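These are my notebook entries on a single protein chain. I set down what I looked up, entry by entry.

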Amino acid sequence: MADGYPRPDLPEDAATLAEQSFDELQTRMPRWRPAVAGPMTWLLEAHAVQTAAGMRYMQLWSAFSYAYLGAIDGRPVRDARPATASSTWTFVDEAPYLIAEGIPLTLTTPAGEVVELLVAEDYEHAGGLTTPVGAVQLVAAVAGAAPNDLSGELLIQEAAREYDGAELVGLLTGGAEGETEDEFLGALTRRRRLSTPRPVKGEEFEDFLIEEPDVGGSVVVDLYNAETETADVLGTTTAFVWGIDGEPLPALRQAALESQMRDLVEVNYDFFLRPRQYTTINVTTTGVALPGYDPATVEANLDAAIRVFLDPARWGLLVSQDVARFANRTVVSFLDFTGEIGGPNIVGLDRLTTLQIAADGDPLGTTNITLDGIAPATQPGTIDVTVLAP
């Protein structure tokens, strides 16, 4: 059930409707029984077929009405979005080459999962054995969220003598499933709710912001004036917002979105939009692989898991919510960190033997890290991982 969407609960099965008619008629005429070839039975069954069609139409009409409102509001149904990543390519010689849009590649993860990728756009290589790091943009061949956070080995599928290989930079990110009907109707209900002439709550600000295609999430702090950096200010709200990749929005885009939100709130109500403050977290850890697993592969799995845990796009994410909501997490808990990357959660890892974490510039240790800022976020810094054979 979508949040706030009153979907009609109407029976659409003709056999069910016919049985209901039989039951009602027997209530009124206790001695009547439905005969297999009786005219009354045929009549009720035919009527049930027509009624079922009408019920289905009413269900669809309710959805169509919301879709029409969505078109008026400029809020259409969102299609699935493919995950993207950047890559570095190497060549057999130093001549200039064109890496054409649409060249197919496969990504094989440490767990053996294969993802089909494509070059997202033409890249003209000026010359040299290697492109700049991350210069070639890739996109998943199939839209959806499944490839998110994956990494692994790239293999170019096009037979061309000039390419020597390609390497993924970071993780695949940004993929999203297409909206189901309920998700769309719930989002539209939340959007329409924002048009009411009443104070807008923090959660409603979040609902509005997450509807922007380039917004990855937000944390709303009520009663905080970002301009004066003062707390407990009545009639004031500050939203800390970031893009799909977890990084700050461009300054001009943030200013435009802040103006858009200011137009939404009541007169004399102060609203501010600000980027989060990021704390770089360094990690050093050692572990032991399970028998039969390559330590180098397990090491890559562990490294990737640490980077996902510290990914600013996911920091504070509440996974049980129907829409992307984020808690204002101001502390990196050492115990939470240990639980997240411990042996049971990493393919091929038996156990951790050491783990130390620290904010960049501080000595490594085993204590919690308090993050800087009102609505802070983490980002991975120096990640030093060593996995040994059993």
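How many positive and how many negative side chains does the chain have, and how far apart do the centres of the two sets lie? I found 24 positive and 58 negative side chains, with the centres of the two sets 11 Å apart. I note at the outset that this is a predicted model.

**Entry 1. The chain as a whole**

I counted seven helices and 18 strands in the chain. Along the principal axes, the C-alpha atoms fill a box of roughly 85 × 60 × 45 Å. I recorded an accessible surface of about 20,600 Å², and carbon and sulfur atoms hold 54% of that surface. Of the 390 residues, 41% are buried. I also took the contacts with a separation of 6 or more and found that 71% of them join residues 24 or more positions apart.

**Entry 2. His125**

I looked up His125 in strand S5, which covers residues 123-125. Its relative accessible area is 4%, under the 20% cut-off, and therefore I list His125 as buried. The side chain of His125 reaches the backbone oxygen of Gly128 at a distance of 2.7 Å. Beyond the neighbours within four places in sequence, I found His125 in contact with Phe91, Ala95, Pro96 and Tyr97 on one side of the numbering, and with Thr130 and Thr131 on the other.

**Entry 3. Thr378**

I located Thr378 in strand S18, residues 376-388. Because its relative accessibility is 0%, Thr378 counts as buried. A polar atom of the Thr378 side chain lies 3.0 Å from the backbone oxygen of Leu310. Leu310 is also on the contact list of Thr378, which leaves out residues up to four places away in sequence.

Is helix H4 largely enclosed or exposed? Eight of the nine residues of H4 (residues 202-210) are buried, so the helix is largely enclosed by the rest of the structure. The buried residues are Gly202, Glu204, Phe205, Glu206, Asp207, Phe208, Leu209 and Ile210.

I followed this with Met261, which lies in helix H5, residues 251-264. Met261 has a relative accessible area of 0% and is therefore buried. Its contacts, leaving aside neighbours within four places in sequence, are Phe205, Phe208, Leu209 and Phe271. Phe205, Phe208 and Leu209 are among the buried residues of H4. I also checked Met261 against Glu177: the two are 84 residues apart along the chain, and their C-alpha atoms are separated by 27 Å.

Most residues other than glycine have a negative phi. I looked up two exceptions. Leu223 is not a glycine, yet its phi is positive, at about 65°. Leu223 is found in the loop between strand S9 (215-222) and strand S10 (236-243). With 32% relative accessibility, Leu223 counts as partly exposed.

Asp232 is found in the loop between S9 and S10 too. Its phi is near 60°, again a positive value in a residue other than glycine. Asp232 has a relative accessible area of 67%, over the 50% cut-off, and is therefore exposed.

I looked up Thr108 in strand S3, residues 104-108. At 35% relative accessibility, Thr108 is partly exposed. Leaving out residues up to four places away in sequence, Thr108 touches Glu113, Val114, Ser151, Gly152 and Glu153. Between Thr108 and Ile244 I recorded 136 residues in sequence and 24 Å in space, C-alpha to C-alpha.

I ended with Gly292, in the loop between strand S12 (277-289) and helix H6 (295-309). Gly292 counts as exposed because its relative accessibility is 84%.

Methods. Residues numbered from 1 in each chain as written. Predicted model: local features only at pLDDT ≥ 70, side-chain atom pairs only at ≥ 80, totals over all residues. Heavy atoms only, no water. Helix = DSSP H or I, 4+ residues; strand = E, 2+ residues; numbered from the N terminus. Buried < 20%, exposed > 50% of the residue type's maximum accessible area, 1.4 Å probe, protein only. Polar contact = N/O pair within 3.5 Å; in protein donor to acceptor, adjacent residues only side chain to side chain. Contact = heavy atoms within 4.5 Å. Areas by Shrake-Rupley, 256 points an atom, 1.4 Å probe, with all protein chains shown as cover. Lys, Arg positive; Asp, Glu negative; His and termini not counted. Charge placed at Lys NZ, Arg CZ, Asp CG, Glu CD.
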